[in-house]
Structure formats: C-alpha cells, structure tokens
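Subject: Structure handover

Hello,

Here is the structure I promised to pass on. Please open it first, then read my notes below.

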Amino acid sequence: MSRNIEVSIDIKGIEGLSNLEVLDFHHTKLKTIGEYMTMMDLNRLQYLDVSYTSTTFINPLSLQGLYSLKVLKMSGSYFHGDVLQHLFVNLTLLEMLDISFCRIEDLPLESFGNLGKLTHLIVSGNKLLTVDFLTNPNFLSLIEIDMARNLVSSIPDNILQNLPTILQVLDISFNPIDCSCSQTDFIVWILKHKNVLKNLHDTHCKTSPTSTWTTIADFDIGQCTHMFTVKVLGTILSVVFLLTVSVFIYKFQFHLRYCFVLLKGYELSHQQDCHYDAFVIYSSKDEAWVMGELMENLEKGVPPIHLCLHERDFEVGKPIVSNIIEEGIMGSRNIIVVVSHHFIDSAWCRFEFEIAQSWLLLGGHPNIIIIILEDVEERTRNILRLHRYLKKNTYLKWKGNPISNVRFWTRLRKAIITKIED
C-alpha cells in the first residue's frame, strides 16, 4: 500500500487482518493512524512502514496491540508534545527503529525503556543537540546507531563509556563536531574507534566558530597536548606568582602600609601647616625622662617649645602609622629621637626612626636631632640606618650632671629654634 495518494483508516481500526505480518504505507498520506488505536488487532504484525505518510502522532497509544512488531519505520513523521516518551512502551520485540528526519529536538531516556531487543536505531536528520538517551541501560543488544545529520557537537565521556559493548556501527557524519582542545576526550575516542565509525570521511569538525571544516581523521591531537602543557605551566607559574605576592604582602604588610601612608602624607604635606616645634620619638620606658626633663625644660622654658608626644597628642582611634606621619612628622618642624637601650630594643621606635629618615629622603625636610640618653653607641651597630646616621651627623649626649645639662639644653634649644626661624 505504499506510494498511494491517500489512505484513510477507520477510527475503529484495521479489522479482519489479524494474521498480517507486513504492512507498508511509505509515501502514502495516512489519516487517523496517529490519533487513534487503529492497529489493536494486528498482533502478529512484524514489519510496519509509515515513513513519509504526513502522520502526526498525537495519541501515545497509537501503536498499541503491535506486540510482535520487529521493524518500525517512521521517517518523516511528526510527534506531538511528549508522545515519544510512551509511544514504544509495548514494542518489547522491536529490533529496528527508524525515526529519522522527524525534526526531533530531544529524545527522552524513557522512550526506549522496554526496547531490550533493539539492534538498529536510526535517528539521523533530526535536530538533536545531545544524545543522553544512549545511556539507556536497556540498549544491551544495540549494534548500530545512525545519528548522522543532527546538531551534535560533542558526546560527553560518561556517555561514550556507557555505549553498548557490542556496538559495531556508529554514524555521526555531517554533525557540527567541535574538535577544539576542550573536547580532547571525544576526539581521542573517535580516533581510537575508527573501525566502528561509519562515513568517517564525511565526519568533519571545527576548532573554532571562525575556522574552516576539517576531516576529523586528519585532526592533530598533538597540538592539544602542547597547548595543555603550556596552560598547565602557565597555571603553575600564575599560582606560584600569586603565592609569592601573597607571602610578600603578608610578611611586609606593615611596611607596605607604611610606604602607602608615607607617600600619601608627602602629597598632603604641601597643604599642611606645622602645629608642633618638635615630634619626639622615644620608648615608653623612657617616659619619665621625657616628661620630667625634656618636656619640663622645653615646653616651660623661654621661649616655650611645643612638643608632639604620642601618648598625649596622637588622635585616638586613628591608625598608629597615620598618627606618626600625619600628626607627628608632617605636623612638626623638628624630630627629636631619644636613643636608649629601651629604644634599641623597641621595634616601634626603630620603625618610627626609619619613617623619619624616609620622610627626610622624600623631601619633607624635618630636622632630625638625636639625643643619646645612655651609652649605646656599640649597640647601634645592630641598627644599620641609625649607626650610619650617627657616623655622619652631630648628636647630643645626655650626661646627667648640672654643668653638662646647661650646655645640653642650650644646644638643643638652639637646634630647634634655628629650624623654626628658617
């Protein structure tokens, strides 16, 4: 009954042909076959061809009763909604299924749930993007799969590993295969299974959307190995670089912040007036001498010299480094450094001195006055910058006796006032 103009089947079904084994309607326009259960009595039918019959399958029970069917050809048919999910449920003896050129975009895994005897599956000429249905555990007898002329660009490794073990023929020709290096596993699988692949000469791929098509058999997988090596090395070097930078920042975060604040302070220094005559750098353990001697003689002397003392004048809640630079160094015309054993033992004191010297190098032009409170000349060798400064500059030494004290305060005042007048 193939190649007729049109055949209309009564909605009650085909009757009186219960012994029929072959029924061929291909290229004949059919009515009602996809809408009603018209083949309930064809229990012995083994071959059914409804290819290119302009049939739209709407009823999922359209093939009900075909319990003996082995070959089903449905090329060019249409399937409404999710009808494919249940259409083949009762075809447990089916061996060959052809649903090519049916404009199918997706095949549910459940569509083939009971097709354990299926050996040939033809889904070519559709619009399939993925082939997840191939992981159906019931495909134990499948030896040929034709999925040519679809839109498949790649097949994931988990699907490739679960293909039927007895598979003899796989046709993926005329699909837009992606042979970029991101699909290395798929390309390697293809190259290893050339004996299974049908029409390999018509299986082409692209490395990028703008590149030209190339035969997949001619693809050089070695270039991906080279690129992978370069990427791995690049990643390793990037990680090493980031780790190095992170360690550096963590180890020197204090100094980096100091440099940042120092440079920021230098930019603001041209807009800031000096509120103090001298900023005093000293150890808190020498506070008694600073308060009892230095502050008493300078601030209560004539003329009074206004000192900046961190315990008294630093802004509460402000970062210490910012206070040192903005309030102490930037806000003072002179810097007095009280050097003692406690000063040398204090990391903060040494740090403040380094800031003061750095500020001097940046052109802040504060006058640094060194007071040696105790006999520490030998110990200053351990502080290279302080030792060099003492070697190149004149400093004051506190001796503690009345005669020397008069000379000491006179020289100190002169050094401070000279800078103030400048």
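**What I found**

Of the 422 residues in the protein, 44% are buried (under 20% relative accessible area; exposed is over 50%, partly exposed in between; 1.4 Å probe, protein chains only). This is a predicted model, in which local features need pLDDT of at least 70 and side-chain atom pairs count only at pLDDT 80 or more, while totals for chains, interfaces and linings use all residues. Residues are numbered from 1 along each chain as its sequence is written, and side-chain values use heavy atoms, with hydrogens and water left out.

**Overall**

The protein has 11 helices and 19 strands. Both are DSSP runs, numbered from the N terminus: helices are H or I with at least four residues, strands are E with at least two. Now the contacts (heavy atoms within 4.5 Å). Among those with a separation of 6 or more, 65% are between residues 24 or more positions apart.

**Cores**

In soluble globular proteins, nonpolar side chains tend to be buried together. The largest nonpolar core here has 64 residues. A nonpolar core is a set of buried Ala, Val, Leu, Ile, Met, Phe, Trp, Tyr and Cys residues joined through side-chain atoms within 4.5 Å. Phe88 and Leu97 have the most contacts inside this core. The elements giving it two or more residues are α1 (157–160) and α2 (184–192). Helix α2 gives the most, with four residues. Not counting residues up to four places away in sequence, leucine 97 touches Leu72, Met74, Phe88, Phe112, Leu115, Leu118, His120, Leu121 and Ile122. Another core lies apart from the largest one. This other core has 29 residues, including Phe314 and Ile329.

**The parallel sheet**

Which order do the five strands of the open sheet take? The order is β16-β15-β17-β18-β19, and the pairing is parallel (two strands pair if DSSP finds at least two bridges between them). β16 (307–308) and β19 (396–397) stand at the edges with a single partner strand each, so one side of each has no neighbour in the sheet. Strand β17 (residues 334–339) pairs with β18 over six bridges, in the parallel sense. Valine 338 has isoleucine 371 in β18 as its bridge partner. Helix α10 lies across β17 and β18 and runs at about 95° to β18. The angle is taken between N-to-C directions, from 0 to 180 degrees, with axes as lines fitted to C-alpha atoms, for helices over the stretch in contact.

**Salt bridges**

A search of the whole structure finds five salt bridges (a side-chain nitrogen of Lys or Arg within 4 Å of a carboxyl oxygen of Asp or Glu). One of them joins arginine 312 to glutamate 299, at 2.9 Å from N to O. Arginine 312 is in helix α6 (residues 310–313) and glutamate 299 in helix α5 (residues 287–299), so the pair ties together parts 13 residues apart in sequence. Arginine 312 also bridges to aspartate 313, with the closest N and O atoms 3.2 Å apart. Buried or exposed: which is aspartate 313? Aspartate 313 counts as buried, at 18% relative accessibility. Arginine 312 is partly exposed, at 37%.

Arginine 379 and aspartate 345 form another salt bridge, with closest N and O atoms 2.5 Å apart. Arginine 379 is in the loop between β18 (367–372) and α10 (384–392), and aspartate 345 is in helix α8 (residues 341–345), 34 residues apart. Arginine 379 is partly exposed at 29% relative accessibility, and aspartate 345 is exposed at 52%.

**Backbone points**

A cis peptide bond joins valine 302 and proline 303, with omega about -10°. Proline 303 lies in the loop between α5 and β16. Tyrosine 52 has phi near 50°, a positive value in a residue other than glycine. Tyrosine 52 sits in the loop between β4 (47–49) and β5 (56–57).

Best wishes
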